[in-house]
Structure formats: structure tokens, C-alpha cells
Amino acid sequence: MIEVDVTSPSPPYEQIRAQLAELIRCGVLGADTRLPPVRQLAADLGLAAGTVARAYKELEQGGYVTGKRGGGTRVLAQPEPGPAREELIREHARAYLAEVVRLGGTAEEAVAALTELAAER
């Protein structure tokens, strides 16, 4: 479910935070879903427990989760995922377009590639 790219300029805790926040915003992780314990997720990802703890702390500060000693970290109820989902799709589109441009491509080439892929589905 969660993957950390050690070659990414984004720190591991931020990658974890962003991926979990996305799963929560989209409704994949619903209200009251219990996240894996810090030590378990850290071991699964091959990271220090403090890295995962920081990600969970930032999710808590952002209103995504709540943590209770002995009760684990649970997802808080979020607004309906509709608008958040649409914004998330736009964010991914922006990131995709930025990568295409970085590679020397154009917006038209990006749209053509997506259209071609969509037709294959």
C-alpha cells in the first residue's frame, strides 16, 4: 500500500504522510480505520520508527488521524471525497504535465499519450 522511494528528494516521512493523506482523502481508508502500528509499518518499509511516527504526527496535525496510546492511530471522518478526489486528479495531472515538459515534451503530446492509453482500456 505505501511505498518509499529512497532516491526521491522528498523525505521518507513526507512520502508516507502524502500517500496516507491521499488514501484518506479519496475514501480508500475510511473513518475509524486503524493504521498499522508505527513499529510494524517502519519494519515493513525498512525505516526507523521515528520516521513513521513523524508521518503519523503530521497526519494528526492535519486532521486526518487521531492517535491514542494503546488504542492505535485511527482515521478521522473526512468531508465527502468527491471534490477532494477531483483536486487530487488535477494534482496528478499537473505532476504528469510537469514531468512531460521536463523531458522536453509538450502539453499536446501529454494529452495525446493519455488519449491513446484511455482508448486501450
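The entries below go from the whole chain to single residues.

**Entry 1: what I am looking at**

I am working with a predicted model, so I keep that in mind for everything below. I began with the secondary structure and found 5 helices and 2 strands in the chain. Reading from the N terminus, I noted the order α-α-α-β-β-α-α.

**Entry 2: overall dimensions**

**Entry 3: burial, surface and contacts**

I checked burial next: 21% of the 121 residues count as buried. The chain exposes about 8,200 Å², and carbon and sulfur atoms supply 55% of that area. For contacts I looked at pairs with a separation of 6 or more; residues 24 or more positions apart account for 49% of them.

**Entry 4: charges**

I counted 14 positive and 17 negative side chains in the chain. The centres of the two sets lie 11 Å apart. Side chains of opposite charge can pair when their charged atoms come close. How many salt bridges does the chain have? My count comes to 3, and I went through them one by one.

**Entry 5: the pair in helix 1**

Glutamate 14 and arginine 17 meet through their side chains in a salt bridge, at 2.6 Å from N to O. I placed both in helix 1, residues 12-25, where they are 3 residues apart, about one turn of the helix. Glutamate 14 counts as partly exposed, because its relative accessibility is 22%.

**Entry 6: the pair in helix 3**

I found the side chains of arginine 54 and glutamate 58 in a salt bridge at 3.3 Å, N to O. Both belong to helix 3, residues 49-61, and they sit 4 residues apart, about one turn of the helix.

Glutamate 99 forms a salt bridge with arginine 102, and I read 2.6 Å between the closest N and O atoms. They are separated by about one helical turn, because they are 3 residues apart in helix 4, residues 81-102.

**Entry 7: threonine 73**

I then moved to strand 2, residues 72-75, which holds threonine 73. Is threonine 73 buried or exposed? Its relative accessible area is 15%, so threonine 73 is buried. Which residues does threonine 73 touch, leaving aside neighbours within four places in sequence? I listed Thr33, Arg34, Leu35, Tyr56, Val65, Thr66 and Gly67.

**Entry 8: aspartate 32**

My last stop was a backbone angle. Phi of aspartate 32 is near 75°, a positive value in a residue other than glycine. I found aspartate 32 in the loop between helix 1 and helix 2 (38-45). With a relative accessible area of 53%, aspartate 32 is exposed.

Notes
Residues are numbered from 1 along each chain as its sequence is written. This is a predicted model: local features need pLDDT of at least 70, side-chain atom pairs count only at pLDDT 80 or more; totals for chains, interfaces and linings use all residues. Side-chain values use heavy atoms; hydrogens and water are left out. Buried means under 20% relative accessible area, exposed over 50%, partly exposed in between (1.4 Å probe, protein chains only). Contact means heavy atoms within 4.5 Å. Accessible areas come from the Shrake-Rupley method with a 1.4 Å probe; for residues, only the protein chains shown count as cover. Lys and Arg count as positive and Asp and Glu as negative; His and the chain ends are not counted. The place of a charge is taken as NZ of Lys, CZ of Arg, CG of Asp or CD of Glu. A salt bridge is a side-chain nitrogen of Lys or Arg within 4 Å of a carboxyl oxygen of Asp or Glu.
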